[in-house]
Amino acid sequence: MTEAALLLFWPALAGYAEAAVAYAGDTVRPGRLVRYAIWGVRLGWLAQTALLVAQAASADGFPWGSWAASLNLFVWMCVGVYLIWGCRAPFRLLGLVVMPLAVVLLALAWIAGGVGEPARSEFGNAFLAFHVGLILGAFAGFTLAAALAALYLWQERRLKRRAPGVLRLRSPSLQTLDQLTARSVAVALPALTIGAGIGLARMEREGAAFDAIVGLTLLTWVVYAAFVVLRWEAGWRGRRTAYLALAGFLLVVLVRVVLTPFVHF
Amino acid sequence: MRLVLVGTSYQRAPVELRELLAYDPVLRRAALGRLSTGGAEAAVLSTCNRTEVYGVTAEPGELEEGIYGELSGLSGLSHSELAPALYTVTDEAAAVHLFRVAAGLDSMVPGEAQILGQVREAYEAAREADTTGPTLHRLFRQALRVGKRVRNETAIGENPASVSSAAAQLAERVFADLEGRRILLLGAGKTADLTAANLISRGVGEIVVANRSPERAEAFARRFGGRAVGLDAVEPELARADVVVASTSSQGFVLSAAQVERAMKERRGRPIFFIDIAVPRDVDPAVIGLEGCYLYDIDDLERVVAESVAGRREEAVRAEAIVSEEADAFRAWQLSLDVVPAISSLRARAESIRREELERAESRLASLSPSQRRAVEALTSQIVAKLLHQPTVRMKEAAAAADGVLYADAVRHLFGLGDDADQARKPRQ
């Protein structure tokens, strides 16, 4: 399994890295490298899909229960969401944010042993599938929202400052970015609510301790819930909601990358 | 057969002369009819920036004279008066010229899109007049392909080439699209006219015109299907508008930052895009500091256009490479024409031998059943086809390498085909 995993891991990482470099190059010479970037994303994602399938086939239960393995799954979800519509011409610039992040997180998952033989977990498969799957899905949605918000702020700054070459790079309109950020949060928040609810219910039943990760996850929920309320009730738009989406994402990073390996597993 | 182009463009002729040389559809059809007498192929490309007549004939000098006569008759100018403004290009250079024209590389603004449609129209007109033959058919179809490739494979036509289109494209970077948006026009001058026309072409929903002179505002609004208001009603309109185009001749600011700030409170975060093309400026530059407000004055827009045109020139280098690639393909096709008559003659000769031999063997084949006869027919046809396949392929390869004529002559000599090239190279089939 380990050798097969490595055989699939490296093409996935190479594909994502190639895409990240090509997207960066495309900002310098628009239109030339984007095709290579898209193929990098596609091939990398296919290799990672095969890796996950191989892990699932050889696992004796839910294969992504550990922190490192769940990071692997998280990267796959993020790139998958990006692949569905992020590769379309106006949204390609999102790759500038998503693909370097995918490279770093996938490498981290490998270093921490998340791409090899799946570890056995003490938790039940159904619980893990729902709890981990929903929370990771929500975090992937928040990651996408953060990428959209970052692109919004970058584009807005260029338009405000009347930056040279403001029309040179293809990017979606501010209004589109704003709406998509809001939609991503609106879809991801219910997933986080259910995923966290399942975890809390289990904690309650087993009398487990309330750790920092649970507290921060709830804080993340509060930030995104505030995003939804402020946007739809108070009419917040544009820069303010973009900052809020980025603030929520900082908490996601804190939960996912910094705290989870030490506190929750 | 030779390809001949005689024409003029904005690079050679001022607008006064180009006007005289412009063809309308009726005149063009008549000219095509006259030019094609004697079997020549002909097509006329006539736009506001160029008039070009393409012809294919065995007598290029004669055709050139004919085109000069046509243009002279059209403009009422003598041959010597026209000569300095006209250019004559032949064969491959003429093909490359048309490819560059279709790609927008010969246009005033590199990469402009309109020309491709005009090339298509010239081709369609020639087809309708039945004055295209194999060469012009191939030439124009390939030119259209060059135009499409250049627009698909390069970014030459993507960025704006005028202040009004730059303003509209910038507005589209704020709003998803301009369809259904509200536009507030401050001032009813000529510059506002161009910008308004560009925005309307992108589907804006409502136009409100505010001007110091109510009559002028009314007239302007009527023309664009909008409504007119006085300058004192600008503030409430500001709360509803998405794009504001300011172009008054006022000496001070028509819109202050305080006014815009008040309007923004009513907008609940909806952005607003200001296009200030007035000199002196109409919109207080402090507006740019307000959240959700985007402001571009005439200098900003002109800078965007200059960058965009520079970008188009960079892309033009890539477009030239596509033109050159397609020109090579056209040349290879033209060279292959040299061997087509020889191949046709060879095949005709082989077929006639096959038929003669079958007729000679008629008495011995009389006892065969119909199905056996069909088998003999098929067998002999297959032998001929297989024997001729390799020489045909080799001759076409030789033609692409410019040795086609030598090979064609060798085949004619070896098989005693005679010089039937003229017959096989009829201009229109």
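Reader: At what angle do helix α7 (residues 134-153) of chain B and helix α13 (residues 298-337) of chain B pack?

Author: This is a predicted model, and the values below are computed from it. In chain B, α7 and α13 pack at an angle of about 155 degrees, and their axes are 10 Å apart.

Reader: Which word describes that orientation, and why?

Author: An angle over 145 degrees counts as roughly antiparallel. α7(B) and α13(B) are therefore roughly antiparallel to each other. The crossing of α7(B) past α13(B) is right-handed.

Reader: Which residues in α7(B) and α13(B) meet?

Author: Two residues are in contact if their C-beta atoms, placed from the backbone, lie within 7 Å. From α7(B) the contact includes B:Arg138, B:Leu139, B:Gln142 and B:Arg145, and from α13(B) it includes B:Ala319, B:Ile322, B:Phe330 and B:Trp333. By class, the residues of this contact of α7(B) with α13(B) are eight nonpolar, one polar and five charged.

Reader: Now for a second pair. At what angle do α6(A) and helix α7 (residues 212-232) of chain A pack?

Author: α6(A) and α7(A) pack at about 140 degrees, with their axes 10 Å apart.

Reader: Which word describes how α6(A) and α7(A) lie to each other, and why?

Author: Roughly antiparallel needs an angle over 145 degrees. α6(A) and α7(A) are therefore oblique to each other. α6(A) passes α7(A) in a left-handed crossing.

Reader: Which residues meet in α6(A) and α7(A)?

Author: Among them are A:Ala182, A:Val185, A:Ala186 and A:Leu189 in α6(A), and A:Trp221, A:Tyr224, A:Phe227 and A:Arg231 in α7(A). The contact of α6(A) with α7(A) has 11 nonpolar residues, two polar and one charged.

Reader: Is A:Ala186 buried or partly exposed, and why?

Author: The idea is to count neighbours: a residue is buried if 20 or more other C-beta atoms lie within 10 Å of its own, and exposed if 12 or fewer do. A:Ala186, in helix α6 of chain A, counts as partly exposed because it has 16 C-beta neighbours inside 10 Å.

Reader: Is A:Leu136 buried or exposed, and why?

Author: A:Leu136 is buried, because 23 other C-beta atoms lie within 10 Å. This residue is in helix α5 of chain A.

Reader: Which residues does A:Leu136 touch, leaving out those up to four places away in sequence?

Author: With those left out, A:Leu136 touches A:Ser70, A:Leu73, A:Phe74 and A:Met77. As for A:Val75, its C-alpha atom is 9.3 Å from that of A:Leu136, and 61 residues separate the two along the chain.

Reader: How many helices and strands are there in chain A?

Author: Chain A has eight helices and zero strands. Of its 265 residues, 48% count as buried. Contacts also tell how far apart in sequence the partners are: in chain A, among contacts between residues at least 6 apart, 83% join residues at least 24 apart.

Reader: How many helices and strands are there in chain B?

Author: Chain B has 18 helices and 10 strands. Of its 429 residues, 41% count as buried. Among contacts in chain B between residues at least 6 apart in sequence, 73% join residues at least 24 apart.

Reader: What ipTM and pTM does the predictor give the complex?

Author: The predictor gives an ipTM of 0.74 and a pTM of 0.66.

Reader: Which elements of chain B have the lowest and the highest mean pLDDT?

Author: Helix α18 (residues 421-424) has the lowest, 45, and strand β2 (residues 41-46) the highest, 95. Chain B averages a pLDDT of 87, and 97% of the residues score at least 70.

Reader: Where in chain B does pLDDT stay under 50?

Author: It stays under 50 over residues 420-429 of chain B, for which the model has 21 contacts beyond four places in sequence. Where pLDDT is low, the predicted coordinates should not be read in detail.

Notes
Residues are numbered from 1 along each chain as its sequence is written. Chains are lettered from A and ligands numbered from 1 in the order in which they are written. This is a predicted model: local features need pLDDT of at least 70, side-chain atom pairs count only at pLDDT 80 or more; totals for chains, interfaces and linings use all residues. Axes are lines fitted to C-alpha atoms, for helices over the stretch in contact, and angles run from 0 to 180 degrees between N-to-C directions. Helices (H or I, at least four residues) and strands (E, at least two) are DSSP runs, numbered from the N terminus. Angles under 35 degrees count as roughly parallel, over 145 as roughly antiparallel, 65 to 115 as roughly perpendicular and the rest as oblique. A crossing is left-handed if the near helix is turned anticlockwise from the far one by less than a right angle, and right-handed if clockwise. Ala, Val, Leu, Ile, Met, Phe, Trp, Tyr, Cys and Pro count as nonpolar, Asp, Glu, Lys and Arg as charged, and the others, Gly among them, as polar. pLDDT is the predictor's confidence in each residue, from 0 to 100.
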